[in-house]
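Open the model in your viewer and keep the selection panel at hand. We will go from the whole chain down to single residues.

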Amino acid sequence: MPSARLGVAVVHGLVTAIVTGEIAAGELLPPEQPLTAHFGVSRTVIRESVKRLEEKGLVRAVQGRGTVVQPHASWNILDPVVLSVLLEHDDTLGVLDELTIVRSALEGTMSAESARRRDDGDLARLDDALSRMHAVKDDPVAFAQGDADFHHLVMAISGIGLAENITHILYERARTSDRFARNQTKTAFELTLEEHQRVLDAIRSGDPVAAETAMRAHIDDAWQRRRPTNAARG
């Protein structure tokens, strides 16, 4: 196997060990020799993998001590590997709960700005996006994509690029999680369409407060519909 692919496997394994607490914050990564034996790779692959962990904020080289695992607050949560591993091990759904809070705040703000900035072309595109969702409401895969397209369009209209980029990363990574995508029913789809219509109506009327309120309510309610009622809260 090429060293690059070996490195991907090593990075994923070490990120998992840190995220799950197998190697806790403040502890040292094992030395190179045990890691090479554990993963069956060369020292070069281990060194490159540890550099990737440093770039992700998970570890820091401390002279005279070794490579120290950093606290959660130092991690680059938006890094695709870190976020994916967090979601993989999100048994209490705490990560998805927090992700929903962040999405709600950012998309609410962007919806308000879209209500201020929208033009006739934007409204036509939103109308078309919602019409396409109605047309595929019996197809869960197509409906989920239409749902994402509507959200991305609202974000793009806002012109708030940084918020759009952060939300895009969070949303697209969450969509790959079975925990996020569960409990999708026909009733849930109908409610989503109604909620999207309220967002669109508020944007069309140029009402930033109503647009933000509608989007935040939609994101919060949509997650509560999918969230298992018996899941412990993290």
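**Whole chain.** Show everything as cartoon. This is a predicted model. Colour by secondary structure: the protein chain has 11 helices and 2 strands. Trace the elements from the N terminus and you read α-α-α-β-β-α-α-α-α-α-α-α-α. The C-alpha atoms fill a box of roughly 65 × 35 × 35 Å.

**Surface.** Switch to a surface view. The accessible surface comes to about 11,900 Å². Carbon and sulfur atoms hold 53% of that area. Of the 234 residues in the protein chain, 42% are buried. Next, colour the charged side chains: 27 are positive and 34 are negative. The centres of these two sets lie 4 Å apart.

**Domains.** Select 3-74, then 94-226. These are domain 1 and domain 2 in the domain assignment. Over C-alpha atoms, 37 Å separate their centres.

**First core.** Go back to the cartoon and show side chains for Val15, Ile18, Leu29, Leu53, Leu58 and Val59. Within the largest nonpolar core, these residues have the most contacts. The core has 22 residues in total. Helix H1 (3-19), helix H3 (43-55) and helix H4 (80-88) each supply at least two of its residues. H1 gives the largest share, 7 residues.

Centre on Leu58. Which residues does Leu58 touch, leaving aside its neighbours within four places in sequence? Its contacts are Val15, Ile18, Leu53, Val68, Val69, Gln70, Trp75 and Val82.

**Second core.** Select Ala115, Phe143, Phe150 and Leu153. They are among the 21 residues of a second, separate core.

Zoom out and draw the contacts for the protein chain. Take those with a separation of 6 or more: 73% of them join residues 24 or more positions apart.

**Last stop: Ile101.** Select helix H5 (residues 94-117), where Ile101 is found. Is Ile101 buried or exposed? Ile101 is exposed, because its relative accessible area of 59% is over the 50% cut-off. Ile101 and Ile219 are 118 residues apart along the chain. Draw a distance between their C-alpha atoms: the separation is 8.7 Å.

Note on methods: Residues are numbered from 1 along each chain as its sequence is written. This is a predicted model: local features need pLDDT of at least 70, side-chain atom pairs count only at pLDDT 80 or more; totals for chains, interfaces and linings use all residues. Side-chain values use heavy atoms; hydrogens and water are left out. Helices (H or I, at least four residues) and strands (E, at least two) are DSSP runs, numbered from the N terminus. Buried means under 20% relative accessible area, exposed over 50%, partly exposed in between (1.4 Å probe, protein chains only). Contact means heavy atoms within 4.5 Å. Accessible areas come from the Shrake-Rupley method with a 1.4 Å probe; for residues, only the protein chains shown count as cover. Lys and Arg count as positive and Asp and Glu as negative; His and the chain ends are not counted. The place of a charge is taken as NZ of Lys, CZ of Arg, CG of Asp or CD of Glu. A nonpolar core is a set of buried Ala, Val, Leu, Ile, Met, Phe, Trp, Tyr and Cys residues joined through side-chain atoms within 4.5 Å. Domain bounds come from an automatic or database domain assignment.
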